[in-house]
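Hello,

Please find the structure below.

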Amino acid sequence: MSIRNIIIEPDPILRKKSTTVETVDDSTRKLLDDMLQTMYNAPGIGLAAVQIGVLKRILVIDVSKKEEEKKPLFLINPEIKLKSKKTSLYEEGCLSLPGYFAEIERPAECIVEFIDYYGKKKELKADGLLSTCIQHEIDHLNGVLFIDYLSKLKRDMIIKKLTKQKKSLDKTVL
């Protein structure tokens, strides 16, 4: 397992749609393991493959609390089959938008169909933080960021600040 670099907005790859995974093999599982280690190291509770520059419909999630046993979820080709009409509000952040948070309203529950780490088809009913996290990460697979739910003014302001941050990080220090 190795830690990968997380891509920071603005980067055009974050706006691209990820492609379906055809087979779950050792290279897919290696990617999943790397993603999980990268997410834990960041630290975060969800990571989509596109966030490390891989345009595949793969994500990892672990919403367990620090003091709890780790319960990672590996979702390959996840597809939301049902969203509740009832909504919930969570303050969301993103590893690709470090330091920025906003309250986002999403369906409170969802049912997601996916392929697991071993290539088995599964279905999961999620609510609360897990539901929010699944929807947030699937958005990534479709080129959507949580800031896209904000007003244009707020979104543009965040992107401008991140661009400035990125430029200062790209400077060579002697």
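Predicted model: local features only at pLDDT ≥ 70, side-chain atom pairs only at ≥ 80, totals over all residues.

A residue is called buried when its relative accessible area is under 20%.

Cysteines

Cys94 has a relative accessibility of 11%, so Cys94 counts as buried. Cys133, at 5%, is therefore buried as well.

How many disulfides does the structure hold? The count is zero. A disulfide would need two cysteine sulfur atoms within 2.5 Å. For Cys94, the closest cysteine sulfur belongs to Cys133 and lies 10 Å away, which is too far for a bond. Cys133 likewise takes part in no disulfide, its nearest cysteine sulfur being that of Cys94.

Largest pocket

The largest pocket holds about 460 Å³ of space. Its lining consists of 25 residues, and those nearest the centre are Gly44, Ile45, Gly93, Cys94 and Leu95. The buried Cys94 is thus one of the residues nearest the centre of this pocket. Two elements, strand 4 (87-92) and helix 2 (128-141), each give two or more residues to the lining. Helix 2 provides the largest share, six residues. By class, the lining has 14 nonpolar, eight polar and three charged residues.

Second largest pocket

The volume here is about 260 Å³. The lining is made up of Tyr40, Pro43, Gly44, Ile45, Asp62, Val63, Ser64, Lys65, Lys66, Lys70 and Leu129. Five of these residues are nonpolar, two polar and four charged.

Regards

How values were computed:
Residues numbered from 1 in each chain as written. Heavy atoms only, no water. Buried < 20%, exposed > 50% of the residue type's maximum accessible area, 1.4 Å probe, protein only. 1 Å grid on protein atoms, 1.4 Å probe; cavity = no way out; pocket = protein on both sides within 12 Å on 5 of 7 lines; lining within 4 Å. Points joined across faces, edges and corners; volume = space filled by probe spheres on them. Helix = DSSP H or I, 4+ residues; strand = E, 2+ residues; numbered from the N terminus. Nonpolar A, V, L, I, M, F, W, Y, C, P; charged D, E, K, R; others polar.
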